[in-house]
Structures are given as C-alpha cells and as structure tokens.
Amino acid sequence: MENKSECPFCQINKLFLIKEGKSAFVQLSDPCLMNGHLLIIPKRHVERLSELTEEERKEILDLTVEFQDKILGRFASGCDVRQNCRPFLPQSKLKVDHLHVHLLPREMEDELYLKSMIFENEIFRDLTEEERVKFVKLFGL
Ligand SMILES: [Zn+2]
C-alpha cells in the first residue's frame with residue numbers, strides 16, 4: 001500500500017479490539033466471513049511473514065493458539081487458521097496488504113463449506129510423480 005495512513009490495520013480500531021499485546025493485537029474481522037471471525041495483526045505494517053521479527057512471530061503464534069482455544073472452548077467445534085499472501089490482488093475492503101492471520105470458527109457443513117469449500121473436493125487430486133519430483137527439488141530437499 002502506497003499510503004500507510006490509509007491502511008485499516010495501522011491504527012487500532014478500539015470498537016473491534018479484543019486484545020492488545022506488545023507488538024500485535026486481536027480484533028473482530030469486519031467484514032467477517034462468519035460469526036466470531038478474528039484477525040491477529042502485528043502493530044508494524046509488514047506484508048510478508050518473513051518481515052516479522054522473532055518477537056512478533058512469537059506473539060502472533062501465541063495469540064493464535066490462545067484465541068483458537070477460546071473459539072474451540074466457547075462456541076465452535078472447529079477453527080481454521082489462515083494467512084493469505086496475494087500481492088497480485090489490488091487493495092480493497094477484502095484485501096489488505098498489512099499482514100494478518102484469520103481465525104475462522106467452523107462447524108460441520110457451515111456456510112463457508114456449503115458455498116465454497118465443498119468445491120475443493122473437486123480440485124483435490126493425487127500428486128503426479130513429475131510434480132512430486134519437481135517440488136521436492138524446488139523446495140531444496
Ligand atoms: Zn498497515
């Protein structure tokens with residue numbers, strides 16, 4: 001993002017704030033994909049995981065563990081953790097380049113599954129031998 005003053009995550013919005021830590025905070029996602037959808041956000045504007053300091057990485061993972069447990073213990077039977085890196089998409093209300101981790105409360109055959117993820121079953125396929133060799137080599141093993 002060219003102008004960080006326009007970044008919705010560079011300023012903590014107290015209306016949505018759940019917990020503020022030293023280098024990261026937790027807030028309700030707005031817009032949200034489902035009830036109880038949370039975001040864990042570093043205070044510093046970074047776009048990629050590799051730009052996080054060790055302290056930020058630790059705090060973000062600790063908050064992820066803490067709030068996944070709260071979601072699972074209080075109101076949902078499942079919880080997805082996601083972090084999207086899609087610099088090829090333009091900025092919008094649904095795409096913010098300030099790194100954030102999504103916590104998505106999940107239930108069996110919930111709205112997200114029925115409207116979207118059900119179609120993943122058609123995309124999943126067996127890995128070919130050529131792909132296996134290519135990606136094992138690409139990732140350096
Ligand atoms: Zn930002």
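**Close-up views of a predicted protein chain**

The protein chain has 4 helices and 5 strands; these are DSSP runs, helices being H or I of at least four residues and strands E of at least two, numbered from the N terminus. This is a predicted model, in which local features need pLDDT of at least 70, side-chain atom pairs count only at pLDDT 80 or more, and totals for chains, interfaces and linings use all residues. Residues are numbered from 1 along each chain as its sequence is written.

**View 1. The whole chain.** From the N terminus, the order of elements is β-β-β-α-β-β-α-α-α. The C-alpha trace spans about 50 × 35 × 30 Å along its principal axes. Of the 141 residues, 17% are buried (20 or more other C-beta atoms within 10 Å of the residue's own; exposed means 12 or fewer, partly exposed in between; C-beta atoms are placed from the backbone). Take the contacts between residues at least 6 apart in sequence: 61% join residues at least 24 apart. Two residues are in contact if their C-beta atoms, placed from the backbone, lie within 7 Å.

**View 2. The open sheet.** The 5 strands are ordered β1-β2-β3-β5-β4, with antiparallel pairing. Two strands pair if DSSP finds at least two bridges between them. At the edges stand β1 (17–20) and β4 (78–82), each pairing on one side only. On average, neighbouring strands are turned by 20° against each other, direction ignored. Strands of a sheet pair through backbone hydrogen bonds.

**View 3. The β1-β2 hairpin.** With 3 residues between them, β1 and β2 form a hairpin. Their antiparallel pairing runs over 3 bridges. E20 has F25 of β2 as its bridge partner. K19 stands opposite V26 in β2.

**View 4. β5 and its two neighbours.** On one side, β5 pairs with β3 over 3 bridges in the antiparallel sense. Here L39 is bridged to H102 of β5. The antiparallel pairing of β4 and β5 covers 5 bridges. In that pair, V81 has L103 of β5 as its bridge partner.

**View 5. Helix α1 on the sheet.** α1 lies across β2, β3, β4 and β5. The helix runs at about 10° to β5. Axes are lines fitted to C-alpha atoms, for helices over the stretch in contact, and angles run from 0 to 180 degrees between N-to-C directions.

**View 6. The largest nonpolar core.** This core has 15 residues, and I40 and L103 have the most contacts inside it. A nonpolar core is a set of buried Ala, Val, Leu, Ile, Met, Phe, Trp, Tyr and Cys residues joined through C-beta atoms within 7 Å. Two or more residues come from each of β2 (24–28), β3, α1 (54–74) and β5 (101–106). L103 is in contact with residues including L38, I40, F67, I71 and V81, its neighbours within four places in sequence left aside.

**View 7. I40 in close-up.** I40 sits in strand β3 (residues 38–42). I40 counts as buried because 27 C-beta neighbours lie inside 10 Å. Beyond its neighbours within four places in sequence, I40 is in contact with A24, V26, I60, L63, T64, H100, V101 and L103. F139 is 99 residues away along the chain, and the C-alpha atoms of I40 and F139 are separated by 28 Å.

**View 8. Helix α4.** G140 follows α4, with a positive phi near 90°.
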